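Take a walk through this protein with the coordinates open. We begin with one residue, step back to the whole chain, and then visit several other sites.

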Amino acid sequence: MIPLLLLAMGFAGCHKNFLDAKPATSLSIPTTLGDFQALLDNTTVFNLVPTLGEASSDDYFFTNSYWQTLDIRQQNAFIWAQDIFEGQGGQQDWNTPYQQVFYANVVLDGLGSKPAADSVTQWNALEGAALFARAFAFYNVSQVFAPTYGTIPDSTPLGIPLRLHSEISSVSTRSTMGQTYQQIINDLDSAEAFLPATSPNLNSYRNRPVRVAARALLARVYLSMRNYTQAKLYADSALGAYDSLVDYNTLNDSMASDAFLKLSSEVIYQASFLGAANYNGLNYYCAIEGNFFSSTRIDSSLMASYDTNDLRRNCFYHLKQGDSSYLKGSYTGLNYCFGGLAVDELYLIQAECAARANDPTTAINDINTLLAKRWRTGTFTPYPVGTAQAALDTVLLERRKELAFRGLRWTDLRRFSADGTGITLNRSAGGFPNATLSSDPTNYLYTMPIPPDVIALSGMKQNPGRVPQ
């Protein structure tokens, strides 16, 4: 039963916009709790995050000669072009999250509103996991294809389509910005009430969310909204439930390949970047997605920010002469970038929010707790407590160093631009055309265009400034 559903959904995703793709009428539908668990455990659909934002970030670069070998989508994302897709449809950054939404809705609709007396625990876990998965997908889409929160009124209908049921007959329309974020928050609030409280270290299925994962994602969501009070509240709550940090001194950072384990005790929810290996029969390859490539070079200013005693240098990167260093490892434990939730991010959210609330002591204490696990034993000198602004500067520097290539930098660039503290990005040193992204908060280039096949099938409004209108 499950393979038939997976096959039909995979076929639809490869050939047209998944949102409005209609599966075969003969499709078998899952009905048992075991079916629903198998559906949510399908990691070829779930536990994957879009990468178009990361491809537009400033943590990496290409040489001009290598850039010219890439397909048009990758080239245009790198130089912040107005029309990224140039008519290309079938964009997995859009299709895969909405495939996740569909699967989650199949589970939610199938479960109904009341569990049988002998299956309450399993029913609750499935309800919570499906709500979490839908919120995770909605959030990831919003960070790429909807404007930065707070830059336009909540009532503006430039949010994302909110598919809340598995029926597919209705045409997809865009919600308002306020509706988009409220739905994400509502789903996570509801998920937290249903999810099991089991700590991640007792759960070998890191692809299955537990209660702390909902809190961690809420902290991330509120940070993207620049609601620092709520972001700190949820980061505090998540860390109160689970605060395991890996001591990098226990890792073999001299390994030629990944030094991390997939079931690292620091991981709360496992997810990875979309990559070619995730698609059956679909040729989808990108130098910043999936596998780590030696031609995807680390930004020189980022590399220079790591001290020689900072173990993240050797754990994260292959260190090469000049500007030739490239990615080596991530919390996936595989040759794919990590896009999930982990304890280190929570410490950084808590620290940033404390600094913004004029509490530099808490901010610096959080940073020192984290870095004591990241530097070679006996070499780390704790940061002193100074002003709140100095603490914030320290936190944001360490945030970039710790969370590089985790799918978070683009959201950070968007929110910094929105609050007037952004930086202008430039690739002109490599001779690339149109390679400047200003920090102006009204800059439409911080919002990616909706893929052209989605516009054609649904008739929904394209993002302002993008083509075709």
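Is F405 buried or exposed? F405 has a relative accessible area of 3%. The cut-off for buried is under 20%, so F405 is buried. Its place is the loop between α15 (388-402) and α16 (409-418). The backbone there deserves a look. F405 is not a glycine, yet its phi is positive, about 60 degrees.

Now the whole chain. This is a predicted model. The mean pLDDT is 88, and 90% of the residues reach 70 or more. Two stretches call for care. Over residues 1-26 the pLDDT stays under 50. The model still gives that stretch 61 contacts beyond four places in sequence. Residues 276-285 are also below 50. Here the model has 23 contacts beyond near neighbours in sequence.

The protein has 17 helices and ten strands. Of its 469 residues, 58% are buried. Consider the contacts with a separation of 6 or more. Residues 24 or more positions apart account for 72% of them.

Next, a charged residue. R206 sits in the loop between α8 (177-194) and α9 (211-224). R206 is buried, yet it has no salt bridge. Which side chain of opposite charge is nearest to R206? That is E266, and it is 9.8 Å away. A salt bridge requires the charged atoms to be within 4 Å. What R206 does reach is backbone: its side chain comes to 2.9 Å from the backbone oxygen of V267. Leaving out residues up to four places away in sequence, R206 touches P200, N201, L263, S264, S265, V267, I268, Y269 and Q270.

α13 covers residues 343-356, 14 residues in total. How far apart are the end C-alpha atoms of α13? They are 20 Å apart. In general, an α-helix has 3.6 residues a turn, so residues three or four places apart point the same way. α13 is mostly covered, with 13 of its 14 residues buried. After α13 comes N358, whose phi is positive, near 65 degrees.

Another asparagine has a positive phi. N47 is not a glycine, but its phi is about 60 degrees. N47 lies in the loop between α2 (33-40) and β1 (48-49). Its relative accessible area is 7%, so N47 is buried.

Q91 lies in the loop between α5 (72-78) and α6 (92-111). Q91 is buried, with a relative accessible area of 3%. What does Q91 contact, leaving aside its neighbours within four places in sequence? Its partners are R73, F85 and P451.

G378 is in the loop between α14 (360-371) and α15. Its relative accessibility is 81%. The cut-off for exposed is over 50%, so G378 counts as exposed. N309 is 69 residues from G378 along the chain. In space, the two C-alpha atoms are 9.6 Å apart.

Definitions and conventions:
Residues numbered from 1 in each chain as written. Predicted model: local features only at pLDDT ≥ 70, side-chain atom pairs only at ≥ 80, totals over all residues. Heavy atoms only, no water. pLDDT = per-residue confidence, 0-100. Contact = heavy atoms within 4.5 Å. Helix = DSSP H or I, 4+ residues; strand = E, 2+ residues; numbered from the N terminus. Buried < 20%, exposed > 50% of the residue type's maximum accessible area, 1.4 Å probe, protein only. Lys, Arg positive; Asp, Glu negative; His and termini not counted. Polar contact = N/O pair within 3.5 Å; in protein donor to acceptor, adjacent residues only side chain to side chain. Expected span 1.5 Å × (residues − 1).
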